[in-house]
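Hello,

I am handing over the structure we talked about, shown just below. Please look through it first, then read the notes that follow.

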Amino acid sequence: MVRFMQKFISNSTEDTIELGRRLASVLKGGTVVAFFGGLGMGKTAFTRGMAKALCVDEEVSSPTFAIVNDYGGNPPLYHFDMYRVESWDDLYSSGFFDFYEAGGILSVEWSENIENALPENTVRVTIQRGENDNQRIITIDGGVEI
């Protein structure tokens, strides 16, 4: 698989949402989008943009306590929060593998915690703080180009 690494600068939540929309518009079902980055970096905002591209009508919020939110869409969007996942048993009980096999798009926050379980063709999105509190440096590494 050819990998593309692209770097973007987001200066606002709206920029981050738009970047998520652009990414999702080129994805196919069965894709895992793994997010890396600290608290408050914009992972959920990015997923909001993905939801817009996939015609999701529901409000997108972090699945911190639910572990996974199923938003529907075309293809379906499954939004995971792996912050509390500490073992293979936790990962299996989250339904991650079942949702992956269902052919939707998986948006996975706190992917650092499940790095060894991510499929080879995972699209990796790293979000870091930029030069000020609102700016983010977003790197997308995967088999897609936006």
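**Aromatic pairs**

This model is predicted, and 9 aromatic pairs are counted in it. Phe 80 is buried, at a relative accessible area of 0%, whereas Phe 99 is partly exposed at 21%.

A further pair is made by Tyr 83 and Trp 110: the ring centres are 4.9 Å apart and the planes stand at 65°, so the pair is edge-to-face. Why does this pair tie together parts that are apart in sequence? Tyr 83 sits in the loop between E4 and helix H3 (88-93), while Trp 110 sits in the loop between strand E5 (105-109) and strand E6 (123-129), so the parts joined are 27 residues apart. Tyr 83 is partly exposed, with a relative accessible area of 47%. Trp 110 has 16% relative accessibility; buried means under 20%, so Trp 110 counts as buried.

Trp 110 also has a charge over its ring: the charged end of Lys 43 is 4.3 Å from the ring centre.

Phe 80 and Phe 99 are members of one aromatic cluster, together with Tyr 78, Trp 88, Tyr 92, Phe 96 and Phe 97.

**The largest pocket**

Tyr 83, Trp 110 and Lys 43 turn up again here, as part of the lining of the largest pocket. The pocket holds about 160 Å³ of space. Other lining residues include Leu 39, Gly 40, Met 41, Gly 42 and Thr 44, along with Asp 81 and Glu 109. How many residues of the lining are nonpolar, polar and charged? The lining divides into 4 nonpolar, 5 polar and 3 charged residues.

**Strand E2**

Is strand E2 (residues 32-36) mostly covered or mostly exposed? Strand E2 is mostly covered, with 5 of its 5 residues buried. Val 32, Ala 34 and Phe 36 point one way from the strand, and Val 33 and Phe 35 point the other way.

E2 has two parallel partners to look at. With E5, E2 is joined by 3 bridges in the parallel sense, and Val 32 stands opposite Leu 106 of E5. With E6, E2 pairs over 4 bridges, also parallel, and here Ala 34 faces Arg 124 of E6 from the opposite position.

Regards

Terms used:
Residues numbered from 1 in each chain as written. Predicted model: local features only at pLDDT ≥ 70, side-chain atom pairs only at ≥ 80, totals over all residues. Heavy atoms only, no water. 1 Å grid on protein atoms, 1.4 Å probe; cavity = no way out; pocket = protein on both sides within 12 Å on 5 of 7 lines; lining within 4 Å. Points joined across faces, edges and corners; volume = space filled by probe spheres on them. Nonpolar A, V, L, I, M, F, W, Y, C, P; charged D, E, K, R; others polar. Phe/Tyr/Trp six-rings, centres within 6.5 Å; stacked < 30°, edge-to-face > 60°. Buried < 20%, exposed > 50% of the residue type's maximum accessible area, 1.4 Å probe, protein only. Lys NZ or Arg CZ within 6 Å of the ring centre and 35° of its normal. Pairing = 2+ DSSP bridges.
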